[in-house]
Every structure is written in structure tokens, then in C-alpha cells.
Amino acid sequence: MDGIRSGNLRNGLLGLAAGVLLLRFLPQLPPASALMALGVVGLVLVPFRSYPVGLFLLGFSWACVSAQWALDDRLDAALDGRTLWMQGQVVGLPEMRDGVVRFELAHAQSRRAALPKLLRVSWYGGPHVRAGETWRLAVNLKRPHGLVNPQAFDYEAWLLAQRVGAVGTVKSGQRLGEASGFSFWRDGLRERLVAYDPHGRAGVVAALVLGDGSGLSAADWRVLQNTGTVHLLVISGTHVSLVAGMLYGLIFWLARLGWWPQRVPWLPTACLAAFTGALTYSVMAGFDVPVQRASAMIGLVLLWRWRFRHLGVTLPLLMALSAVLLYEPLVVLQPGFWLSFGAVGLLILSFAGRLGAWPWWRTLGRAQWTMAVGLAPMLLALGLPISISSPLANLLAVPWVGLVAVPLSLASAVLLPVPWLGETTQWLAGGALAVLFQLLEWTAALAPAWLPSRLPFWAWLLVALGAVLILLPGGVPLRALGLLLLLPLWFTPTQRPAENRAELWMFDVGQGLSMLILTQRHALLYDAGAKFGDFDIGERVVMPSLRALDVRTLDMLLLSHADNDHSGGAEAVFRDLPVAEVVSGDVPGLPGVLQAQPCDERQWQWDGVQFSTWRWADATDSNQASCVLMIEASGERMLLTGDIDAHAERALIDSGRDLRAQWLLAPHHGSRSSSSWALLKAVEPKAVLYSRGRHNAYGHPHPAVVSRYQAFDTRAYDSVKTGALRIDLGSFDEPQALREIPRFWREK
């Protein structure tokens, strides 16, 4: 009877979870009337044998309604780009980096308009902001908007998952109320933790204690990603489980050694103590969604251990999954959700069939092997890199973090008020983390993370099936076949342009430029986007997109000139990808490590595609010195102009070149000083490309320039509206805009 009941419960939970999970794959949300009808049908079906279908419909309806609420709470389009005075309270831990203060403002109110419940704002050169404070601020507001590329972080999905309804830049502000409450205590604890930093790792200590990753640099994150150890340094289920396990294990061993009072049952006490400790740690870490997820899972596992072990190990996992999804359906937009539950499921699959007890070293090794193989298909589906060194790095880092770094970090937080003891434990914790990062840096240098080119769906299915077969218990037939099914990771052919054709990508890099030109056997990158402090467009946008498009080497990195918005990301590209040649119109303005050669007038051919460059010899500034590139494939031409102004345009026209082209990259992002009538008459473009940032401070493209192109009946493609744009040069076809691929969370 218990088996039948547990089986029914499993089926019901599977249906409920599947309904919520479907939200992640919707191109758009159904209308309210359809959701209401689905909900009613679900309620009708629940009492009958078709209850899994009913729960599926209820889960799906609830997820869509919750998502619609979040979309409705976004900033009104009429307020987009406007500056308003508002009053609100700082929530969470503010982040200070490179002179910019970033924080979230909750329940902000303005006399002039209704505002979303949660805003994320940046204050350049702003004062010290504390959690819990009340501020009156003048904020330039913007609707959530992110860059859309072949492969990059989906900022819009992340903002929606956090239920952030608007972002903005603070222009001015006044503190109205002093900080108080729990958030203020957390902020103060962080300040005390980072005040004493003998090893330069106090920021990592704060990350382990409070879940605040702002103290980790971009280089730190790169090392963690390359070694597959991000989960160890950002509070997640691993850390919460560790605290719960330590408390549970302490009572277990006291009972086993006979030192526990017999009048007090040890098992319920151990479970209660473990859950209390995990919950306390979670609250101290801010109780964000990943920590909520871990707490729910741990609570259900402990309840299962206490009273329901006879129902099997998968039931608590399904209960935790359903609880998390019902509490926050938008969690399905976060990669961490899929990876954490996927990891637990894989461990259950891997260890469920083992016979007898294994030594600890074999268990740890098996776990790391399981994670490396089993999570690979999920990482591919999420567009995340695969760490080749992850098994080795985690084999060293997991026990070091779990048994040394986390206990010392927590002890340092507890012992802070004790003068010498607090500093001693902080010194030990920082030293342990310094040693860990040194080992991880060596490991990352040996085998950095690898991102295969995007696989077709059939190839991904083969890889996923192969991973599952490999992880099945020993003795299962056809396990060896799993290795063969992994071959598409390395041998799936990528589609390249035919002879005499070129594939051009204008990446969505905000206020800047980066364009990729692919021929059948060659690749050229024209500019590499900007770099703002630790935020490097070259590293975070251009490189992932190049890898997704299977660009493993560059025959030429052509940097039009040395301005940051065109060349800031070049060092990241040069560091992470073999580059045969770097060419620029402004060599002195570039870092010496690039070893750039000057742009001169030359012509060459790759796979039947013609290329030619030009630079104004009499240029007086970097913009005028931009290296101009003409590309021609099967009679269709594109002219890339960098940031040349009207004077350089006149010199280009006077050079006697045939400038006629179907496609023109608007010089200087559509600046008023460029795109002269003379240039447009010489080029006669059918289409113009604007590569720019939304609400950029320069007003690009200028209305006068837009009108000028309209007078020539030129079609306009704006990166803000199109996202990354793919053009098949030589086909004379319409381009493909990635932002037009429907996603319910994405602004059109």
C-alpha cells in the first residue's frame, strides 16, 4: 500500500514539476483566458486517475501566471530613459567596484509615476551605501534590456528571474534614514571580514560566509570557471549541506560512542539540529533563491531520513524540486537551478546501484567523475563551458574547502569580536584560500575550460544518451557504447560558407563594435568591443560567441582604431584565441602585447571572397585613422568604416576607389559628424548597420543622420533592436536578427 501511495505521489510530483519546467521553453506566454481554462481543466482532472495531467496543467498555469506578474511589474515604456526622483530602501548587500556602487532598491516610490517593486541601480562615483538605508535618489530609469548574441549571458532572463523591474543610473541622492535590521548586520559583518586581509583573500572569506561574491575579481571568476569550481566559492547547496552534515555527524558520532544521553533520541535531534544549522547559515547568506533551494532539499532529505526512508531516495528529490518550483517558478531561467538538481539526480543514478561500502577516496573520485561526464550535456544545453580539469580540481578542492576553508571562514566570523583569536582565524582562513587559488590557477593553466561549437539537436541527444550510459552501474549491457555516442562533441561538422560566399556577424556589444567575417576556411574579426574595468566585452561576449560559431583561430584581428569601444576587448581575444595577425589604423594607441601592424592599402582573397583595406594617411586623430575594410562576395559588398568622420570620408572618396556597396556600417555609430551626403552618394547603400548601446550618452544614431539614410531609402538595422545580426554576403538575402527569435522574457 505504501508503495502504491508513494508511486502515485511520485507521478503527481513529476507532472507538477514538468508543468512548471515547461515555462523555460516558451516563446511567449499564453493569454490569461487560456491559462484560466487550463487551470480549471487541471482542477477537474486532479481527483481522477488522470491526476498527473491535472497537476501538469496546474503547474503550467501557475508558472505562466507568475511569469506574467513579473513582466507586468517592469518599468512602464513611457518612463524608459527618463530621470525621476524616488525614495526607497536598499536591500541585499551593495557592491562597490571600480568606483561604481551597485545596489537594489525595494518598494521605491515616486510622486510622478508608479515604479516596479525592485530596481537595480548603479551610482558612478557614489558614496558609501549600506544595506537597510533609506535614500531619496534621482535615477535615470531603463527597462530591462540585455545583449543578444550567439552565445553570452542572458541578462534579461537573469533580471526577470530576480524580479527586477527596472535598472537605472543614479544622478544624485540624499540619505534619509540610517541602516537598521538584519541586512545592516550582514553588511557590517562583511565590512569587518574584509577589514583584515593579510593574504588578499578576505573577499573570498566573505563569499563563503555571506554569499557575497563582489570581492572576487574577474580573474578569480575565470579561474573558478576554468576549473569547474564556481559552486565551491559561492554559497550553494554544497555549503549548506556541509553545515547540516557537520551537525548531524557530530550527534551521530556522540551517539555511536555512547556519549549521547539515552533519554534523548539521537536521530530526530540530529535531524532537527542539522536543519536548524542549515537554515541559520542560509539566512546569514541572504537566503537567495539558490540557498532557498538548498534549504528546502536538505529539510526534505532530513525528514526522509527520520521518518520515510522506506519510500526510496527519489521522493525527497521530487518533493524538493516541486517545492522550489512552486515557490519561485522563474527559477527555471537560472542555469544554477538546472545544474544543482541535475547534479543530485546524477549522484543518485551513480550510487544507487553500488554494492557494499566504498572507501572515502573512491566515493569522492566517483562523484567527480559523475559530475564531469553527467553534467556535460546540461552545460552544453545551457551554453556554458565544460571544464576539462574539473575532476582533478574538485578532487583537491572539495575536501579542502569543505574541511578547511569553510569551517575556518565561519569560525572567523563567529570569533571576530575576540581581539587576537578573530584575527588568527581570519589569517588561517585567508591563507587556506590563498593556497587553494594557487592550486586552481596552476590547474586552469594546464587545461582551461572548453566550449564546443553549438551542436545540432540530434547530436546533443546522442551525447546526453552516451553520458547516461557511461554512468549506469557496472555490468549493464552497452555501457561501452556511451563512449562512441560522445564523439559528436569533437567530430560534428560545422557549417561554413560556400566558396565565393561570406558569413558576417555584427555582434551585439552595446556602445561599441565587433564584427566577424567568415569564409570557407578563414576568419577575420573587425574590432572587439569595449572594456569597462572588470567587465570585458571581449571576454564575456565576443569570445563565447566566437567559440559557439566554432572559430578556433583568427587569420586576422583588424582593430579599426584604438578607442576603447572598438579595441578594449582585443586583449581578451588575443589571450584566449590564436591570432595570426593583428592590424590597426592606430598602432601606437594599442597595448604592445598585441604586436599590431599598421593598416596599409592592401587587397587579398580568401576562398573567392575579396578584401581590401584603406587608411587616411593625413589623419590627425584616432577616429580619422580608422582602418576601412571593403568585403565583396559574389557581387554583394559591405563597407566597414570604423569611426571615420566627414573629413576622412572625403579623403576616402577622393582616393578614387569604387565605394558602391549594398551594405554600409554607419561611420562612428551614426554620429552627426559622419555619414555625409557625399559618402552616401558614393556608396549608394541599400542597408545601413548601427552598432550602438541603448540610451547611449552620445545620442547615436543622430536624428539628422537617420533622416539622411531614409532620404536614400536605405533599410536600417540597429543592434539595439536586432541583437546580433547575421548576414550571408553573396546571397543577397535578408539578414537574420537574433532578437527576433521569440523568448517570452525578451523585449522586442
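Which residue of S8 does leucine 518 stand opposite? Leucine 518 faces alanine 523. Before going on, a word on the model: it is predicted, so local features need pLDDT of at least 70 and side-chain atom pairs count only at pLDDT 80 or more, while totals for chains, interfaces and linings use all residues. Residues are numbered from 1 along each chain as its sequence is written, and side-chain values use heavy atoms, with hydrogens and water left out.

Back to the strands (DSSP runs of E, at least two residues; helices are runs of H or I, at least four, all numbered from the N terminus). S7 (residues 515-518) and S8 (residues 523-526) run antiparallel and are joined by four bridges; strands count as paired if DSSP finds at least two bridges between them. Four residues lie between S7 and S8 in this hairpin. S7 also runs antiparallel to S6 (residues 502-506), again with four bridges, and leucine 504 has isoleucine 517 as its bridge partner.

In a regular strand, side chains alternate between the two faces of the sheet. S7 is covered on both: Met515 and Ile517 are buried on one side, Leu516 and Leu518 on the other. Buried here means under 20% relative accessible area, exposed over 50%, and partly exposed in between, with a 1.4 Å probe and protein chains only.

Now for helix H26 (residues 703-711), whose buried residues are Val705, Arg708 and Tyr709. They sit on the same side of H26 because they cover an arc of only 95° around the axis, taken from the directions from the helix axis to the C-beta atoms. Pro703, Gln710 and Ala711 are exposed on the other side. Just after H26, aspartate 713 takes a positive phi of about 55°.
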